[in-house]
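The sequence and structure come next.

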Amino acid sequence: MTFVYKTQKNTLTYYNELYTEKNLYWLHLNLASLLKIHKDCKQKNIPFIVLYFPMLYKLKDDYPFKTIHTFMKNFFKENNIDYIDLFDYFFGMNERELWVHPKDKHPNNKANSFVAEKTAKYLISLYLGKR
């Protein structure tokens, strides 16, 4: 049990520290890449929307990556980048039902279908609302 707890703690620390001064190079590189893609799309009149996927872990009030989502929301807003924070859609769901496997916490078909449905509704409302 101690091993599992340490692994979870190390994983949480790792992901949270990616968005701090400890990883400025990585963070700058990734944010600069997003800005370049956004700029290129804008120049070519191609819609650009970021789907920001949560870690499928503790999808409740005690979600341990809230600060990362807040950081990214601020980045998207400051740079006029359309985005969907999918945590808002997944909030309150049982993450175990969304994993490929207990040892592989990537989204399964149920999670991906859910994202596709929510994204389609968002895009329809966004683009049909502009007519």
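## Nonpolar core

In the largest nonpolar core, which has 27 residues, the members that touch the most others are L34, V50, L59, M72, F75, F76 and F90. Such a core is a set of buried Ala, Val, Leu, Ile, Met, Phe, Trp, Tyr and Cys residues joined through side-chain atoms within 4.5 Å. Two or more residues of this core come from each of α2, β1, α3, β2 (82–85), α4 (87–90) and α5 (109–128). Helices (H or I, at least four residues) and strands (E, at least two) are DSSP runs, numbered from the N terminus. In soluble globular proteins, nonpolar side chains tend to be buried together.

The model is predicted: local features need pLDDT of at least 70, side-chain atom pairs count only at pLDDT 80 or more, and totals for chains, interfaces and linings use all residues. Residues are numbered from 1 along each chain as its sequence is written, and side-chain values use heavy atoms, with hydrogens and water left out.

## Aromatic pairs

There are 12 aromatic pairs in the structure. Rings of Phe, Tyr and Trp (its six-membered ring) pair if their centres lie within 6.5 Å; planes under 30 degrees apart count as stacked, over 60 as edge-to-face and the rest as tilted. Y19 and F71 are edge-to-face because their planes stand at 65 degrees, with the ring centres 6.2 Å apart. Y19 is in the loop between α1 (2–17) and α2 while F71 is in helix α3, so this pair ties together parts 52 residues apart in sequence. Y19 is partly exposed at 22% relative accessibility, and F71 is partly exposed at 31%. Here buried means under 20% relative accessible area, exposed over 50%, and partly exposed in between (1.4 Å probe, protein chains only).

Y52 and F76 form an edge-to-face pair, 6.0 Å centre to centre with 70 degrees between the planes. This pair links distant parts of the chain, with Y52 in strand β1 and F76 in helix α3, 24 residues apart. Both Y52 and F76 are buried. Beyond its neighbours within four places in sequence, F76 contacts (heavy atoms within 4.5 Å) L34, V50, Y52, I81 and Y83. A cluster linked by ring pairs holds Y14, Y15, Y63, F65, F87 and F91.

## Largest pocket

The largest pocket holds about 1100 Å³ of space. Its lining is made of 38 residues, and T11, Y15, M55, L56 and F65 lie nearest the centre. At least two lining residues come from each of α1, α2, β1, α3 and β4 (104–107), and α1 gives the largest share, 7 residues.

On a 1 Å grid over the protein atoms alone, a pocket is an open set of points where a 1.4 Å probe fits, with protein on both sides within 12 Å along at least five of seven lines; lining residues have an atom within 4 Å of a point. Grid points are joined across faces, edges and corners, and the volume is the space filled by probe spheres set on the points.

## Selected residues

H38 lies in helix α2 and is buried at 13% relative accessibility. Not counting residues up to four places away in sequence, H38 touches F48, N79, N80 and I81.

N45 is in the loop between α2 (24–43) and β1 (49–52) and is exposed at 72% relative accessibility. K58 is in the loop between β1 and α3 (66–78) and is partly exposed, at 34%.
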